[in-house]
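Grab a pencil and open your viewer. Here are a few exercises to work through, each with a solution that goes step by step.

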Amino acid sequence: QVQLVESGGGLVQPGGSLRLSCIASGFMFSQTPMGWYRQSPGKQRELVASTTFGDLTDYADFAKARFTISRDSAKNTVHLQMNSLKPEDTAVYYCSAGQTYSFTPGDYWGQGTQVTVSS
C-alpha cells in the first residue's frame with residue numbers, strides 16, 4: 001500500500017531554513033506527481049509546491065523564490081527546501097502523492113510534520 005513518511009520539521013527562527021523529506025513506497029514513484037501541502041490552525045490545507053514526472057514543478061505564490069521542491073527517484077524521496085522562513089510559514093506540512101500517470105498530487109497523504117517559525 002501507499003506509504004508516505006515525512007521528516008525534517010522543527011523549530012526555526014525567522015529567516016532560517018529547513019529541509020523537509022518524504023520517503024514514498026507502494027507505487028511507481030518516478031511516474032507519480034508529488035507535492036507538499038500545509039495547514040495552519042483554523043485554515044484550509046493549501047498547496048505549497050508540486051512536481052510531476054518529467055520534473056515539472058509548480059509553486060504557490062508565497063513559496064516562489066523561497067522554497068524548492070525536488071525529487072530523487074533513485075531513493076523514492078521528495079524534498080522541500082525552505083529558506084527565508086517567516087512566522088506565517090508555521091504549519092503542519094504534509095507530503096502527498098497523486099495517482100500514477102496523473103498530473104496533480106492530493107490522493108494520498110503522509111502523517112505531517114510540524115514546522116514552527118518563531119524567535
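Before you start, a definition: buried means under 20% relative accessible area, exposed means over 50%, and partly exposed is in between (1.4 Å probe, protein chains only). This is a predicted model, where local features need pLDDT of at least 70, side-chain atom pairs count only at pLDDT 80 or more, and totals for chains, interfaces and linings use all residues. Residues are numbered from 1 along each chain as its sequence is written, and side-chain values use heavy atoms, with hydrogens and water left out.

**Exercise 1. The disulfide**

Task: Find which residues the disulfide joins, and work out its handedness.

Solution. Start with the criterion: a disulfide is a pair of cysteine sulfur atoms within 2.5 Å. Searching the whole structure with it turns up one disulfide. That bond runs between C22 and C95, with an S to S distance of 2.1 Å. Strands here are DSSP runs (E, at least two residues), numbered from the N terminus. Now the torsion about the S-S bond, which is about -75°, so this disulfide is left-handed. Finally, check accessibility: C22 is buried at 0% relative accessible area, and C95 is also buried, at 0%.

**Exercise 2. Around strand 9**

Task: Is strand 9 largely enclosed or open, and which strands pair with strand 9?

Solution. Burial comes first: six of the seven residues of strand 9 are buried, so the rest of the structure largely encloses this strand. Now go through the partners. Strand 4 (residues 34-39) runs antiparallel to strand 9 and is joined to it by six bridges, with M34 partnering A97. Strand 11 (residues 113-117) pairs with strand 9 over three bridges, again antiparallel; here Y93 has T113 as its bridge partner. Strand 10 (residues 108-109) is antiparallel to strand 9 too, over two bridges, and S96 partners W109.

**Exercise 3. Salt bridges**

Task: Count the salt bridges, then find which residues are linked in a network.

Solution. The criterion is a side-chain nitrogen of Lys or Arg within 4 Å of a carboxyl oxygen of Asp or Glu. That gives four salt bridges. Take R38 and E46, 2.8 Å from N to O: R38 is buried at 6% relative accessible area, while E46 is partly exposed at 32%. Then D89 and R66 meet at 2.7 Å, N to O. This pair links distant parts of the chain, 23 residues apart, and both D89 and R66 are buried. Putting these together, R38, E46, R66 and D89 are linked in a network of salt bridges. Another salt bridge joins K64 to D61, with closest N and O atoms 3.2 Å apart; K64 is partly exposed at 46%, and D61 is exposed at 65%.

Technical notes. Helix = DSSP H or I, 4+ residues; strand = E, 2+ residues; numbered from the N terminus. Pairing = 2+ DSSP bridges.
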